[in-house]
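I opened this notebook to record what I looked up, entry by entry. The sequence and the structure come first.

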Amino acid sequence: FFSSRRRHTRSSLVSWARRCVQETAYKGEFKDGKFNGKGQMIFTNGGQYAGDFVGDQYNGNGVLYFCNGEKYEGEFKDGQFHGKGIKYLSAVSYTHLTLPTK
């Protein structure tokens with residue numbers, strides 16, 4: 001089933017993604033009233049996320065489709081791009097790799 005839950009734009013996403021994300025509906029697993037496990041989030045502007053959630057945030061592997069047609073496929077942690085991933089632009093793609101800090 002889909003659960004409508006309006007929230008503010010996810011402040012934890014990088015600024016170029018922030019303008020495209022407005023949550024409207026979620027379909028997937030819950031734990032303790034929060035998005036947890038596999039799920040899909042659909043946004044009013046046509047974007048969507050499909051992948052892993054932990055505690056209402058993108059965590060693990062997923063695909064984020066932006067309203068402008070771009071796509072990020074890879075790893076997330078605490079709602080942010082983290083680890084290995086690829087961002088697909090209109091005709092170009094590049095690899096994003098977050099290295100551990102000491």
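**Entry 1: a lysine and its strand**

In which strand does Lys 87 lie? I looked it up: Lys 87 belongs to strand S7, which covers residues 80-88. I note here that I am reading a predicted model.

Is Lys 87 buried or exposed? Its relative accessible area is 6%. Lys 87 counts as buried because that value is under the 20% cut-off.

Next I checked what the side chain of Lys 87 touches. It makes a polar contact with the side chain of Glu 70, at 2.8 Å. I also found these two side chains listed as a salt bridge, 2.8 Å from N to O. The pair links distant parts of the chain. Glu 70 sits in the loop between S5 and S6, Lys 87 in strand S7, and 17 residues separate them. I looked up Glu 70 as well: its relative accessibility is 17%. Glu 70 is therefore buried too, since the limit is 20%.

**Entry 2: the other salt bridges**

How many salt bridges does the count come to? I get 3. The Glu 70 and Lys 87 pair is one of them.

Another joins the side chains of Lys 38 and Asp 52, at 2.7 Å from N to O. This pair also links distant parts of the chain. Lys 38 is in strand S3, residues 34-43, and Asp 52 is in strand S4, 14 residues apart. Lys 38 is exposed, with a relative accessible area of 54%. Asp 52 is buried at 16%.

I also noted the salt bridge between the side chains of Glu 73 and Lys 71, at 3.8 Å from N to O. Glu 73 is partly exposed, with a relative accessible area of 35%. Lys 71 is partly exposed as well, at 22%. Both values fall between the cut-offs of 20% and 50%, so neither residue counts as buried or exposed.

**Entry 3: around Asp 52**

I went back to Asp 52 in strand S4. What does its side chain reach at 3.0 Å? I found the backbone nitrogen of Asn 61 there.

Then I listed its contacts, leaving aside neighbours within four places in sequence. Among them are Gly 37 and Lys 38. The list also includes Gln 57, Tyr 58, Asn 59, Gly 60 and Asn 61.

How do S4 and S5 pair? I read off an antiparallel pairing over 6 bridges. Strand S4 spans residues 48-54, and strand S5 spans residues 57-65. Val 54 stands opposite Gln 57 in S5.

The hairpin of S4 and S5 has 2 residues between the strands. Gly 55 takes a positive phi there, near 55°.

I followed S5 onward to strand S6, residues 71-77. These strands run antiparallel, and 6 bridges join them. Which residue in S6 is the bridge partner of Leu 64? I found Tyr 72.

The hairpin of S5 and S6 has 5 residues between the strands. In this hairpin, Gly 69 has a positive phi near 95°. Glu 70, from my first entry, is in the loop between S5 and S6.

Definitions and conventions. Residues are numbered from 1 along each chain as its sequence is written. This is a predicted model: local features need pLDDT of at least 70, side-chain atom pairs count only at pLDDT 80 or more; totals for chains, interfaces and linings use all residues. Side-chain values use heavy atoms; hydrogens and water are left out. Two strands pair if DSSP finds at least two bridges between them. Helices (H or I, at least four residues) and strands (E, at least two) are DSSP runs, numbered from the N terminus. A polar contact is a pair of N or O atoms within 3.5 Å; within protein, one must be able to donate a hydrogen and the other to accept it, and residues adjacent in sequence count only if both atoms are side-chain atoms. Contact means heavy atoms within 4.5 Å. Buried means under 20% relative accessible area, exposed over 50%, partly exposed in between (1.4 Å probe, protein chains only). A salt bridge is a side-chain nitrogen of Lys or Arg within 4 Å of a carboxyl oxygen of Asp or Glu.
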